[in-house]
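Q: Hi! Could you walk me through the cross-links in this one?

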Amino acid sequence: MTTFQTMFFLFFFVPLVKLVPPIQQESLNLYEYDTDIFEELFKQDYEDKSQDAIKKKGKDDMIVSPDSNIQLELQRDESVPKVPPTKDTDLATCLLCVCLSGSVYCEEIDIVAIPPLPKETAYLYARFNKIKRVAVSDFADIPTLRRINLSGNRIEEIEDGAFSKLLLLEELSLAENKLIRLPVLPPKLITFNANYNRIKSRGIRANAFKKQTNLSYLYLAHNTLESVPLNLPESLRVLHLQFNNITSVTDDTFCKSNNTRYIRSRMDEIRMEGNPVILAKHPNAFSCLKTLPVGTY
């Protein structure tokens, strides 16, 4: 019986034990083979990404090698266009004043002269400063000017030609200064304000307004005029002469004595109060007007 059991054990269990090692060995070899594949794939992917990163760098970029700490120097691209520098004069004026869309505001900053203006300036506001003189060179290179306001300064002298060449100028204010005579005016002026100065009649040329065919608003109040300016243009709508030293008017001051049918149709307002003249003594002087002047009758 013992012999039979021994034979039965050897016959069934020994073959099973011999089969185990080959299965484990085969599994181990498969695992090592797969590791090699993963290493190759990772290495290839790393190299591909490094090449792509290098290709994406421009000539001006910093490139750092993945295998070292060596840093390559930048190369400047000389093809980039250079921006032209801003003129120093324009920059200085726009730092001192406010420059905005063709307008320059230099108000109440105590400047004693008109600063250099940007070429495209159309509107200049330089009120309430300490400007004493206006030169031809101040506006010689600025033909685009349409409005100039120099009110509230200390201007005593204006060079001949300072404004006359500004062909686009429509509004000029010189109010509240120390002028004793009028400058030559530009041809297309619509509004001229010289209130509160020291202008006398001899400081206005006989033909100062004759060619001002666009002049509509003329303000000469609070001066020292002895008479109404001659040759007032037909375009005039408003005339302020109040508080001067005007002592008389004639039949030709506003009308035409040799033409009784003449009507100054555009004139809407004349102010002459504060003058010594008694307007009632000169009834024919206003026969061509739609409304009588404001003043003493």
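Q: Which residue forms a salt bridge with Arg133?
A: Glu159 does, with the closest N and O atoms 2.2 Å apart. A salt bridge here is a side-chain nitrogen of Lys or Arg within 4 Å of a carboxyl oxygen of Asp or Glu.

Q: Good. Before going on, what kind of model is this?
A: This is a predicted model, where local features need pLDDT of at least 70, side-chain atom pairs count only at pLDDT 80 or more, and totals for chains, interfaces and linings use all residues. Residues are numbered from 1 along each chain as its sequence is written, and side-chain values use heavy atoms, with hydrogens and water left out.

Q: Thanks. And how many salt bridges are there by that rule?
A: The count comes to ten. Arg133 also belongs to a network of salt bridges that links it with Glu157 and Glu159.

Q: Let's move to Asp160. Which residue does Asp160 pair with at 3.7 Å?
A: That is Arg181, going by the closest N and O atoms. Asp160 sits in the loop between strand 6 and strand 7, Arg181 in the loop between strand 7 and strand 8 (191-193), 21 residues apart. Strands (E, at least two residues) are DSSP runs, numbered from the N terminus.

Q: And at 3.5 Å, which salt bridge does Asp160 form?
A: One with Arg205. Arg205 lies in the loop between strand 8 and strand 9 (217-219), so this pair ties together parts that are 45 residues apart in sequence.

Q: Switching topic: how many disulfides does the structure have?
A: A search of the whole structure finds three, taking a disulfide as a pair of cysteine sulfur atoms within 2.5 Å. With the bonded cysteines numbered in sequence order, the pairing is 1-3, 2-4, 5-6.

Q: Which cysteine does Cys97 bond to?
A: Cys106, with the sulfur atoms 2.0 Å apart. The torsion about their S-S bond is about 110°, so this disulfide is right-handed. Cys97 is buried at 5%, and Cys106 is buried at 0%.

Q: And what about Cys94?
A: Cys94 is joined to Cys99, S to S 2.1 Å. That link is left-handed, with -95° about the S-S bond.

Q: Where does Cys255 lie, and what does the pair with Cys288 tie together?
A: Cys255 and Cys288 form a disulfide with sulfur atoms 1.9 Å apart. Cys255 lies in the loop between strand 10 (238-240) and strand 11 (269-271) and Cys288 in the segment after strand 11, so the pair ties together parts 33 residues apart in sequence.

Key:
Helix = DSSP H or I, 4+ residues; strand = E, 2+ residues; numbered from the N terminus. Buried < 20%, exposed > 50% of the residue type's maximum accessible area, 1.4 Å probe, protein only.
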